[in-house]
Amino acid sequence: MSACCAARRPASGFSVQDCLERGMETRRLSPLPLRGQTVQAASGLHAGFSAAVLDGRLKTLQFECSACSTLVAYCQAMVDMLVNQPINSPAVPALDTLIARVSGVPPLLQDRAAIALGSCRALMMTIQTNHQGG
């Protein structure tokens with residue numbers, strides 16, 4: 001978890017504003033070597049994650065997504081939760097857990113969490129495929 005998030009997050013999760021601010025920087029970075037399939041919703045919103053793995057851990061995790069502040073916040077929350085997790089058993093949260101961890105998102109926009117979660121799971125599948133047996 002980033003120092004920024006650790007210092008300012010509520011006890012129950014992440015602030016949507018904090019995740020958005022950091023996420024706006026993260027989504028502008030170039031993709032990392034391992035890329036998951038981009039997930040696109042019927043609404044046209046999309047997200048995709050990429051990672052660098054070192055010593056069996058998610059050393060760096062980045063994302064690219066539509067310019068939707070809620071989607072950016074959920075994607076950044078996924079980064080904060082998963083960076084440095086082991087690749088053989090990353091703690092990818094359930095949808096309701098991700099929604100609960102990012103405080104301040106209106107109920108009508110919480111569907112964006114499914115896009116972030118789906119694209120992160122696609123990355124995990126790519127990582128598992130590329131690191132089988134090794």
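Asp111 is partly exposed, with a relative accessible area of 47% (buried means under 20%, exposed over 50%, partly exposed in between, using a 1.4 Å probe and protein chains only). The model is predicted, so local features need pLDDT of at least 70 and side-chain atom pairs count only at pLDDT 80 or more, while totals for chains, interfaces and linings use all residues. Residues are numbered from 1 along each chain as its sequence is written, and side-chain values use heavy atoms, with hydrogens and water left out.

**Salt bridges**

- The whole structure holds 2 salt bridges (a side-chain nitrogen of Lys or Arg within 4 Å of a carboxyl oxygen of Asp or Glu).
- Asp111 pairs with Arg112 at 2.9 Å, N to O; Arg112 is buried, at 17% relative accessibility.
- Asp80 pairs with Arg22, their closest N and O atoms lying 2.1 Å apart.
- Asp80 belongs to helix α3 (residues 69–82) and Arg22 to helix α2 (residues 16–26), so this pair ties together parts 58 residues apart in sequence (helices are DSSP runs of H or I, at least four residues, numbered from the N terminus).
- Asp80 is buried at 5% relative accessible area, and Arg22 is buried at 12%.

**Packing of α3 and α5**

- Helix α5 (residues 112–130) packs on α3 at about 40 degrees, with the axes 8 Å apart (axes are lines fitted to C-alpha atoms over the stretch in contact, and angles run from 0 to 180 degrees between N-to-C directions).
- The contact (heavy atoms within 4.5 Å) includes Tyr74 and Met78 of α3, and Arg112 and Leu117 of α5.

How values were computed
Helices (H or I, at least four residues) and strands (E, at least two) are DSSP runs, numbered from the N terminus.
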